[in-house]
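Keep the sequence and the 3D view side by side as you read.

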Amino acid sequence: MKKIMLTGGGTAGHVTPNIALLPTLKEKGYEISYVGSYEGIEKQLIEDEKIPYYGIASGKLRRYFDWKNLSDPLRVLKGFFQARRLLKKLKPDVVFSKGGFVSVPVVAAAGLAKIPVIIHESDMTPGLANKLAMPFAAKVCCNFPETVKYLPEGKAVLTGCAIRKELLEGSAAKGLEMCDFTADKPVLLIIGGSLGSVAVNQLVRKNLDTLLETYQIVHLCGAGHVDESLADVKGYRQYEYIKKELPDLFAMADVVISRAGANAICELLALRKPALLIPLPASASRGDQILNARSFAKQGFAEMLEEETMTEELFLQTVDKLYREQAVYKEAMEKSETADAVGRIMGLIEELTKG
């Protein structure tokens, strides 16, 4: 039996693509293990999948002053020796890393032990953790054509991001029933990320009356961001967070408004959903969402508006354009080279585990 060790953590985005690979890995008979931090979000997500989970010490390498910068390198070193022991015990044929700082000692230990490593970089430009891990990797997967130039020559592979199979199996009818919507009016789905987006929430609610003239709206607004004063507005449904029924909401949506996290927009690509991307501002991030959104807009998959400069009028015009011209965006998405990310990534895994 072939063995694979998965790693990645810190955010859900460093875990869900690993989870998306699980059905195919199981189908092909791989023995799977997962290495993450002691108590990160990845622990619960992976244990829910009934996969053997191993926690190691993890530190964060910060670009700014913090007293933890003095102690965290020791945690990373401890994590390296823990990962090395796990590799000797579990003897994986290949390691697949989705990134996050917990993955660095695992990838380094595997590379030094001559175990093939595949890294996946979600964003347009590599994050610090993946930059540190790349020298130990045999292959580096990416989501965007523009990313290839930032990756080591001979290692870069444009794959796209693995998407959970169940996301593609939603029922529009179930979504309409859940929200008490009708089938004769288009649906606008707003997603602000797991924590919600105050700016996007305010923008939508400020223009709610105008939007409701044309659309029915389902709004995933984040924990603590439901506006009870709008609870009885016809054609508008708010939820803090949806997990199980999310495929049904996607299936019924005609247009999506979203932040531009790499995994989120790759899901929209896989689902062929025209989207207005409002990336997290550079002031609140390293600017990766802005680059992600620009790439998708350039490829014709979506429209992009920047939070700091857009007007309400432009916002409304762009939403209407996406709905009117949705066939154009869908046609562009159909031509994408990254449509079957799971298949492409599995091809690399199989290639490195031959013999």
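## A pair of neighbouring rings

F80 counts as buried, at 15% relative accessibility, while F81 is partly exposed with a relative accessible area of 35%. Here, buried means under 20% relative accessible area, exposed means over 50%, and partly exposed lies in between, using a 1.4 Å probe and protein chains only. This is a predicted model, in which local features need pLDDT of at least 70 and side-chain atom pairs count only at pLDDT 80 or more, while totals for chains, interfaces and linings use all residues. Residues are numbered from 1 along each chain as its sequence is written, and side-chain values use heavy atoms, with hydrogens and water left out.

Rings of Phe, Tyr and Trp (its six-membered ring) pair if their centres lie within 6.5 Å; planes under 30 degrees apart are stacked, over 60 edge-to-face, and the rest tilted. The count by this rule is 5 aromatic pairs. For F80 and F81, the ring centres are 5.3 Å apart and the planes stand at 80 degrees, so this pair is edge-to-face.

## Rings from distant parts of the chain

Y215 and Y323 also make an edge-to-face pair, because their planes are at 85 degrees, with ring centres 5.8 Å apart. This pair links distant parts of the chain: Y215 sits in the loop between α8 (208-212) and β9, Y323 belongs to helix α12 (residues 312-324), and the two are 108 residues apart. Helices (H or I, at least four residues) and strands (E, at least two) are DSSP runs, numbered from the N terminus.

Is Y215 buried or exposed? Y215 is buried, with a relative accessible area of 2%, whereas Y323 is partly exposed at 28%. Elsewhere, F144, F296 and F301 form one aromatic cluster.

## The open sheet

Next, look for an open sheet of 6 strands, paired in parallel in the order β10-β9-β8-β11-β12-β13. β10 (236-239) and β13 (302-304) are at the edges with a single partner strand each, so one side of each has no neighbour in the sheet. Two strands pair if DSSP finds at least two bridges between them. Strands of a sheet pair through backbone hydrogen bonds, either parallel or antiparallel.

β9 (residues 216-220) runs parallel to β10 and is joined to it by 4 bridges. In one of these strands, β10, Q238 is the bridge partner of H219. Q216 lies in β9 and counts as buried, at 5% relative accessibility. The side chain of Q216 reaches the backbone nitrogen of T182 at 2.8 Å.

## Nonpolar cores

A nonpolar core is a set of buried Ala, Val, Leu, Ile, Met, Phe, Trp, Tyr and Cys residues joined through side-chain atoms within 4.5 Å. In soluble globular proteins, nonpolar side chains tend to be buried together. The largest nonpolar core has 60 residues, and L188, L211, I217, V218, I257, L277 and F315 touch the most other members. A second, separate core of 25 residues includes M5, L86, A133 and V140.

## An enclosed helix

How many of the 10 residues of helix α4 (residues 103-112) are buried? The number is 9, so α4 is largely enclosed by the rest of the structure. Among the buried residues of α4 are S103, P105 and G111. Just after α4, K114 takes a positive phi of about 65 degrees.

Technical notes
A polar contact is a pair of N or O atoms within 3.5 Å; within protein, one must be able to donate a hydrogen and the other to accept it, and residues adjacent in sequence count only if both atoms are side-chain atoms.
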